[in-house]
Amino acid sequence: MKIKKKVIFSFALIFLIPAIVLVVAMHLFDLRTVSLINSRYDVSGIKANELDDEMRLIAKVSEPFYDAVVRDAVNMHVKYDFATAEYWEEFEKYVEKLDAKIVVYKGKEVGYSNCEADNLTELKSFLDKKNNQMHFDDEIIYYTTEDASYIVRSIWYHDSNAGESAVHIVMDGDRMLPECENLLRLKIAVGLLIAVITIMVLVRWLKRQLFDPLENLETATENIMEGSFDYSLDGLDNGLLSQAVTNFEKMRVAMKNSSELKMKSDKESRELISNISHDLKTPLTTIKGYVEALMENVVDDPEKRRKYMMTIYNKANDMNKLIDELTIYSKIDTDSIPYVFTDVNVIEYLEGLANELKMDLDNRNIEFNFYNYAKYSEYCIIDTEQLRRVINNIVSNSVKNIVNKYGIINMKVRDAGEFVQVEIEDNGRGISMKDLPLIFNRFYRGDASRNTAQGGSGIGLAIVKKIIEEHGGKVWARSVEGKGTTMYFVLRKSKEE
């Protein structure tokens, strides 16, 4: 889910849930208030939706009081005269709860009232008009002036002395029932409480879901700007920005790897330059020394002069080989060397290479042997020129590491299922366990002494690894210090006969 949708959905939940809680709470409060009103005023049937209409609510809770007076008037069970205070003492609880004002007309004149004089004067003009409409209907009159509102319930009856008379029960239309006042205060308090809780939750949510992740991102960005890629966002609670943080973390790791790779490449480049400088400087120094000796006619013996010239020639060849090796590796490393793959009889091809190597190594007093343990008809798709380079590099590396008086190099070919396995073993000085995993790295040189006779650019085996992998195979080595080293590589078969 996108960040925008997540934020909208989360905000909706944060405000929707409190709204639902508030609505439910308000409804429960309304039901409780209705129950209290019904109980206190001896009424029934009041509904929660009627609590908002105060004037009609007051009129409704006055029903028991009104009905009691109506019964006395209609049934002629008047214990006392309506125009006397003694009669209304019986209804004191209703009068008090409703804050009701009683106005009794005996005929055309006011016979009794518990209103204050000002209120009575204000109502009298209205009540005089109502008094002329003699009937016994159950009526509720809502009377409103600029200064006040009244609810008037009227009861008409016949007085034996005064004739047609009326009782008017007048209630304040602006007054709220105590229960409704309490309900209003409770609703306001609960509404404020829910608003405060919602704000607190929202602030906490924003902090955890947005502000903290943004702060973490800012810190990580500052670290990257300063060149440090080690500030990880993994394991942190990243809230709504989790996907963005995950993508940022992937980018950070990629940038870190790229930076480390660049640093490694820069280091290897410096090592390469150092190696090349050394490997070129040493033969150049030798060549320069011999040339100066020849130019100054220091050597008169023709045989010695011939040896000097041969040394110069060999050193120039070494420099040329080093330059060729660097050129080849550069092309292989940038995938710019063209491979020409052909389907060849690999046993026949390797045997031919072995014969060439045997002739060359015999002149250097190194015994070279070829052993085939596979079927002679094994075929592989190979680039013959590049595979020749692989064999030559491995053998050359073995020759450099032979320190015994009698050097031996054996090439063995074995059947390895879908592959043909080639082994080239020597009886050289061997490779230490700590150096063995590193020998195929670019520019790696285990010879710390940097002796020219044993050294090199350190890319020969790296070239081997690259070429074999391009053939779909793999290369590895085993070695025992003081006893020798065996190099292994496999080539995938193309067909079997």
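**Aromatics, charges and a helix**

Tutor: The structure holds 12 aromatic pairs, counted when ring centres of Phe, Tyr or Trp (its six-membered ring) lie within 6.5 Å. This is a predicted model, where local features need pLDDT of at least 70, side-chain atom pairs count only at pLDDT 80 or more, and totals for chains, interfaces and linings use all residues. Residues are numbered from 1 along each chain as its sequence is written, and side-chain values use heavy atoms, leaving out hydrogens and water.

Student: How do Trp88 and Phe91 pair up?

Tutor: Their pair is tilted, with 6.1 Å centre to centre and 55° between the planes. Planes under 30 degrees apart would be stacked, over 60 edge-to-face, and the rest are tilted.

Student: Are Trp88 and Phe91 buried or exposed?

Tutor: Both Trp88 and Phe91 are buried (under 20% relative accessible area; exposed is over 50%, partly exposed in between, with a 1.4 Å probe and protein chains only). Trp88 and Phe91 also belong to one aromatic cluster with Phe65, Phe82, Tyr87, Tyr94 and Tyr157.

Student: Switching to charges: how many salt bridges are there?

Tutor: A search of the whole structure finds 14, each a side-chain nitrogen of Lys or Arg within 4 Å of a carboxyl oxygen of Asp or Glu. One of them joins Lys412 and Glu425 at 3.1 Å, N to O. That pair links distant parts of the chain, with Lys412 in strand S9 (residues 407–416) and Glu425 in strand S10 (residues 419–426), 13 residues apart. Strands are DSSP runs of E with at least two residues, helices are runs of H or I with at least four, and both are numbered from the N terminus.

Student: Why does Lys412 count as buried?

Tutor: Because its relative accessibility is 16%. Glu425, at 22%, counts as partly exposed.

Student: And what does Glu418 bridge to?

Tutor: Arg492, at 3.2 Å, N to O. Glu418 sits in the loop between S9 and S10, while Arg492 is in strand S12 (residues 484–495), 74 residues apart. Glu418 is exposed at 54%, and Arg492 is partly exposed at 41%.

Student: Which residues make up the salt-bridge network?

Tutor: Glu378, Asp415 and Lys493 are linked there.

Student: Last topic, helix H12: which of its residues are buried?

Tutor: In H12 (residues 460–470), the buried ones are Gly460, Leu461, Ala462, Ile463, Val464, Ile467 and Ile468. After H12 comes Gly472, with a positive phi near 80°.
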